[in-house]
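Here is my note on this model.

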Amino acid sequence: MSGLMVKLQHLVKQFGTQTVVQDLSLDIEKGEFLTLLGPSGCGKTTTLRMIAGFEQPTSGEIMLDGQYVHNLAAYQRDVNTVFQSYALFPHLTAYDNVAFGLRVKKVPKQEIEKRVKDALRLVQLEDYARRKPDQLSGGQRQRIAIARALVNNPKVLLLDEPLGALDQKLRKQMQVELKHLQKQLGITFVFVTHDQEEALTMSDRIGVMNQGFLEQVGTPAEIYERPSTKFVAGFIGETNLLHGTVRTRDHQHLLVECEGVQVKAPSANVAENESVTIAIRPEKSVLSLEPSHNEQLVQLNGRLTERIYCGGSTRTIVTLHSGQTFVALEKTDQLLPAAVGDELFVQWQPNHGVVVTR
Amino acid sequence: MNPPVLDNAPANQLQNETKLKHQIDYGKAWTIWPVFIWMVLLFLLPMILVFAVSFFSRSSFGGIGFPLTLENYSRFFDPLYFKIIWISCVLAFYTTLCCLVLGYPFAYIIARSPTQYRNILLLLIIVPFWTNSLIRTYAWIVLLRTEGVINTFLLQLGLIEQPLSLLYNESAVLIGLVYTMLPFMVLPLYASIEKLERSLLEASKDLGAKPWQTFWRVTLPLTTPGILAGSLLVFIPSLGLFFIPDLMGGSKTILIGNHIKNQFLTARDWPFGSASSIILMILTLVFIAVYIKITKDKQGKELV
Ligand SMILES: Nc1ncnc2c1ncn2[C@@H]1O[C@H](COP(=O)(O)OP(=O)(O)OP(=O)(O)O)[C@@H](O)[C@H]1O
Ligand SMILES: [Mg+2]
């Protein structure tokens, strides 16, 4: 079961003078659910297209299941894609769309019928088999696209923002279903999204991309709790970033000077006088009206500038004395008795901060 | 309580929509008038004239005269003329087929070439139309005749010893017709191939289809509207074109178009020429009806 399924080695892709994917190396295990996450235009689709065989890498190698594939055309690779735009065949019914891959591979008729029906059942669209794509809703089309790819039982399934067109509720439901399907079938998924919540809930591992670079690869918890770059810290979830210079360091802590204030942070592999950024999640910080006398806490003061109601929690925005804004999360039913303009203190445990240098 | 409100809403909407439709109809009517007048003057009136003439008799001086008669039509029901129609249809069919086989790759290459070249390539297809088609036909004659360019060239190369007879036979007519009609095939084909989404071809490849399977299962079905439209645009004019068979076929091949021309200009039998025209017209309408039926059926199926 285990072993490498996809190996990307120093992939580079250029369109004209623009480098869209830069020196991307990544190993994906068999049966793994790997998500490529990143903002629009960062090269996610291009990376998938190189794996599928629609684009030739400018340099670098791709290995699928132990085999170099640079000389295999797209139709020869045991990989299927769920396209960002679905790309369902408009002249074929849902059934014929799903059967397409099996028919071109000359699978016996009876087996086709069985597998297509199973696939349609899997996406709960058995009753829509005879409809043409333009008679299906966006969500139904998306599910047909998934069934059309899955029915071929590929070694790797590439999904390019397959849930992009769905409303929040259906999206959540499909996330669960897809994840379930993937576990059940044991197919390797390479899933592309720019929705960080989706990435966190579904993936075994996440690769965060930015401007063609793969910034960090890790489990959702690693990515969320120990971002290795400023970009990752800022892109995954909400984060407060404090920029400063390392003043002193010992084996446990760093003392970083941020806008004239000394901020304690967990020890990291940095030198004195190096510029660093400390990332603190909103939910890791606490607000208080009184200064704390606990020497161990990091403490900054500022003024409450805005409160944004978000249901169970409230985002409270504090303007620090340095002028920087800081977002804290409060429980809506336990709000601090403070009004806009009031002076207050933001506090956190030094080891809840994450030090990043890039 | 609630239901009446709910019932009212669509009714109101319907009223509004019909109102809107009336307004739009007025607007349409005004823009349609000039076209309508144009059609009456240049199309309907001549048609009526031809239709009327077809019931007169030929006068002794080559004009038309009484009595009114159906004889012009009954004369047409003769194996001789059926054969003319049959040969015309066969030749038009081959013309269409050749245009399709030649035009499809043509249109495909143009539609899939980089955007900046596409307009130039399309222009190259259309440019020959700016010269008179008669002149272009003569150009072909210069190429094909016994001491023409092709024969001279082949003789000089020593590939042949006797000049080939390339002109004044059915294949010469076919070459002429295909050459003249090709753009009518290429343009609708181009339009439908250009509309074809690249992602669909990629999806087909992705699902394991070899190039010819992609062509057969995706490209061809999705471009049939262009194929049908192009075929109609080639087939029907090919039936009536008379100068190409005249010039390139010698007097050997008589087609329906030549027959009609001969009645008007050579035999000076206007009534019989008119009757033949009307019959060709009816034939054409039948083909158009078949075309509409096929395209409607396709749409209909897509809705099931
Ligand atoms: N065929 C192409 N020719 C030129 N540039 C291209 C081509 N395809 C993609 N690009 C460029 O490459 C960059 C990355 O594109 P890509 O489609 O991989 O982004 P993405 O991460 O999938 O974005 P999104 O989330 O919006 O889908 C973009 O700047 C895009 O303009
Ligand atoms: Mg994309």
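1. The model is predicted.

2. A:Thr45 belongs to helix H1 (residues 44–52) of chain A, and A:Gln84 to the loop between strand S6 (79–82) and helix H2 (94–104) of that chain, so the pair ties together parts that are 39 residues apart in sequence.

3. A:Thr45 has 28% and is partly exposed. A:Gln84 is partly exposed too, with 41%.

4. Turn to helix H8 (residues 198–206) of chain B. Seven of its nine residues are buried, so the helix is largely enclosed by the rest of the structure. The buried residues are B:Ser199, B:Leu200, B:Leu201, B:Glu202, B:Ala203, B:Ser204 and B:Asp206.

5. What covers the buried residues of H8(B)? From chain A, the cover includes H1, S6, H2 and helix H4 (138–150). From chain B, it includes helix H3 (79–112) and helix H9 (211–240). Just after H8(B), B:Gly208 takes a positive phi of about 100 degrees.

6. Now the contact between the chains. 21 residues of chain B touch 26 residues of chain A. The two chains bury about 2100 Å² between them, with 59% of it on carbon and sulfur atoms. On the chain B side, B:Asp206, B:Leu207 and B:Arg217 lose the most area to chain A, together 34% of what that side buries.

7. One salt bridge is counted between chain B and chain A. A:Arg49 forms a salt bridge with B:Glu202, and their closest N and O atoms are 2.8 Å apart. B:Glu202 is among the buried residues of H8(B).

8. Chain A also holds an open sheet of five strands, in the order S15-S19-S16-S17-S18, with antiparallel pairing. Strand S15 (286–288) and strand S18 (325–331) stand at the edges with a single partner strand each, so one side of each is left without a neighbour in the sheet. Neighbouring strands are turned by 45 degrees against each other on average, direction ignored.

9. Within this sheet, strand S16 (residues 298–310) and strand S19 (residues 343–348) of chain A pair in the antiparallel sense over six bridges. A:Gln299 stands opposite A:Gln347 in S19(A).

Conventions. Residues numbered from 1 in each chain as written. Chains lettered and ligands numbered in written order. Predicted model: local features only at pLDDT ≥ 70, side-chain atom pairs only at ≥ 80, totals over all residues. Heavy atoms only, no water. Helix = DSSP H or I, 4+ residues; strand = E, 2+ residues; numbered from the N terminus. Buried < 20%, exposed > 50% of the residue type's maximum accessible area, 1.4 Å probe, protein only. Contact = heavy atoms within 4.5 Å. Pairing = 2+ DSSP bridges. Axes fitted to C-alpha atoms, helices over the stretch in contact; angles between N-to-C directions. Buried area = accessible area lost by both parts, 1.4 Å probe. Salt bridge = Lys/Arg side-chain N within 4 Å of Asp/Glu carboxyl O.
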